[in-house]
2 protein chains.
Amino acid sequence: MSERSPRAAIGFDIGGTFVKAGRLSPEGRAEREEQLPTPSQEGPEALVRVIDALFRVLNPEGADLSVGVGCAGLIDAGRGLVRTSPNLPLWKDVPLADLLAGPLGVRPAFLNDANAFTLAEWCLGAARGASSAVALTLGTGVGGGLVLDGRLWTGRNGFAGEIGHVPLMADGPLCACGARGCLEALVGASAIARRYDKLAGGGASGPAGKGITPRGIAERARAGDAAALSAFAETGRYLGLALRGVVHLVDPDVLVVGGGISGAADLFLPAARDAMRENLMHPPELAPEIRPAALGAAAGWIGAALHGLNPVV
Amino acid sequence: MSERSPRAAIGFDIGGTFVKAGRLSPEGRAEREEQLPTPSQEGPEALVRVIDALFRVLNPEGADLSVGVGCAGLIDAGRGLVRTSPNLPLWKDVPLADLLAGPLGVRPAFLNDANAFTLAEWCLGAARGASSAVALTLGTGVGGGLVLDGRLWTGRNGFAGEIGHVPLMADGPLCACGARGCLEALVGASAIARRYDKLAGGGASGPAGKGITPRGIAERARAGDAAALSAFAETGRYLGLALRGVVHLVDPDVLVVGGGISGAADLFLPAARDAMRENLMHPPELAPEIRPAALGAAAGWIGAALHGLNPVV
């Protein structure tokens, strides 16, 4: 990064339902947040209009700001290309950075949404000050990111951190990606619902566990529902096994768990910690902490804004 | 690293059976190799004598050389401490660097043996020129190492790269480490023997598959033994699944597979490549290559010597 005076930045987080955006002060304070529905069934022009509208609201004075954009899927960060995204199913190899450069008056920096989450939690959240960290987002999808030696590691192609699609149970349950036994197929939202449904004796959550959300299961668990408690404990155990693998491979300072399901962290993190530490090769005192994420749903746009200030690719 | 003129280095690889050592010229050429039996059932003094003897043979002129030592197990590289090692079962927290500094006249740099292998294959072998690489050694144990952004990544504690103990089949077969379903429990030497024994209808390799080595199974496979061919293909499939996970998490330029079992690479790498690429999120043209290691059994001491020249911790 060339030297420059501290400046504000605007970050965008293109989610499946909403585009969230916000402005980050030069001191790293979240100043203002806005959101608009994601035109997920339309082409790039509609999304460009949405992002442009949010940009005008967040930067009414037309200041010279840095801009970053995070989006789920395969993001070619160097070229600002959305190769494919589950949130934008009609898109294929869309040069979104180029398309935004005109309307915004600045070419935004791009990155994967889970990498944005990781960057935010590392710079301003749960992993602040760590030299290395691995962060996970748990939700319908399971994503993640790596900070190594004080910077985001995005890999050769910008695809690093796809921890949701690391096989954890060879020949296990089918994942949305088509593979079997991915972490996402074991700890994602629909896996939790299926697990609860099975433990509750079937039918409790409607056909194929589709009738109840992890939030609903968490409510039942807090009301003492044994099946709901077990569903989260078992989910935590699988998460902990995966984290043990991450620790053996990467040996980071700290692990961070966030995403929509992390509102139920109290229900699954204890089991995750136990499973991570069991048979860990590290002496117990050297096992990394598993910390809940600190920034909530704002982490996506905050990380995108941070990336805009200091792109790693 | 401080600047200094190119110099020769001596590397030691403390194996379960032999201590291998060699001298690396300033140009990175393996000049001379020696080995002595590892006094694995004795205390540190016996090993210090062995290393000192090899050092004198390899450096008869008493030149000012860099020295590096690689050893299996948990190595605290910063302090030159062997915390625990499967090759030195009686040892616990032995300050081997300190013990060697006197006799050798230089304090050696330490690292894990699989990290040494990785460093050698990256600097002088199959991953030469890559910006990032993940390397695996397949043998009785399964180890590995990561090169990220042009340097060895050893993690917070120096324990990174323990890919053999990344869970691949939750609740799967028991591993030597006490956990279930580790990669080592699925592709290590005894897993291959058990798999062959089962596929051959039992008893073919003696009780619990202990009577036949992967080398013997490879010979039978090359003679057309269907069970032996299947045992390697199935092993390759598990390896490929694990590598897909590594690629999703780290997204490296290249993957390297070495170790004792890699003599049978022609029998398992095709299946590994297929399994790695199946359901890989990367577009096919961006999938990394899986390359067989290039340096053979010398990689351990060569990597240790390279580490002596330029310690990463």
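In chain A, helix α1 (residues 44-58) packs against helix α2 (residues 96-104) at an angle of about 45°, their axes lying 10 Å apart. Helices here are DSSP runs of H or I with at least four residues, strands are runs of E with at least two, and both are numbered from the N terminus. Axes are lines fitted to C-alpha atoms, for helices over the stretch in contact, and angles between N-to-C directions run from 0 to 180 degrees. The model is predicted: local features need pLDDT of at least 70 and side-chain atom pairs count only at pLDDT 80 or more, whereas totals for chains, interfaces and linings use all residues. Residues are numbered from 1 along each chain as its sequence is written, chains are lettered from A and ligands numbered from 1 in the order in which they are written, and side-chain values use heavy atoms, with hydrogens and water left out.

α1(A) and α2(A) are therefore oblique to each other (angles under 35 degrees count as roughly parallel, over 145 as roughly antiparallel, 65 to 115 as roughly perpendicular and the rest as oblique). The crossing of α1(A) past α2(A) is right-handed, that is, the near helix is turned clockwise from the far one by less than a right angle. Contact (heavy atoms within 4.5 Å) involves P44(A), L47(A), V48(A), I51(A), D52(A), F55(A) and R56(A) on α1(A), and L96(A), L99(A), L100(A), P103(A) and L104(A) on α2(A).

In chain B, five strands form an open sheet of mixed pairing, in the order β3-β2-β1-β4-β7. Two strands pair if DSSP finds at least two bridges between them. Strands β3 (30-37) and β7 (109-112) of chain B are the edges, each pairing on one side only. Direction ignored, neighbouring strands of this sheet are turned by 20° against each other on average. Strand β2 (residues 18-24) of chain B pairs with β3(B) in the antiparallel sense over seven bridges, and F18(B) stands opposite P37(B) in β3(B). Helix α3 (residues 113-124) of chain B packs on the sheet, where it touches β1 (9-14), β2, β4 (66-71) and β7 of chain B, and its direction makes about 100° with that of β7(B).

Chain A is superposed on chain B by a rotation of 180° with 0.0 Å of shift along its axis (RMSD 0.0 Å), using least squares on the C-alpha atoms of residues with pLDDT of at least 70 in both copies. That is the relation of a two-fold axis. The C-alpha of M169(A) is the one nearest the axis in chain A, 2.0 Å from it.
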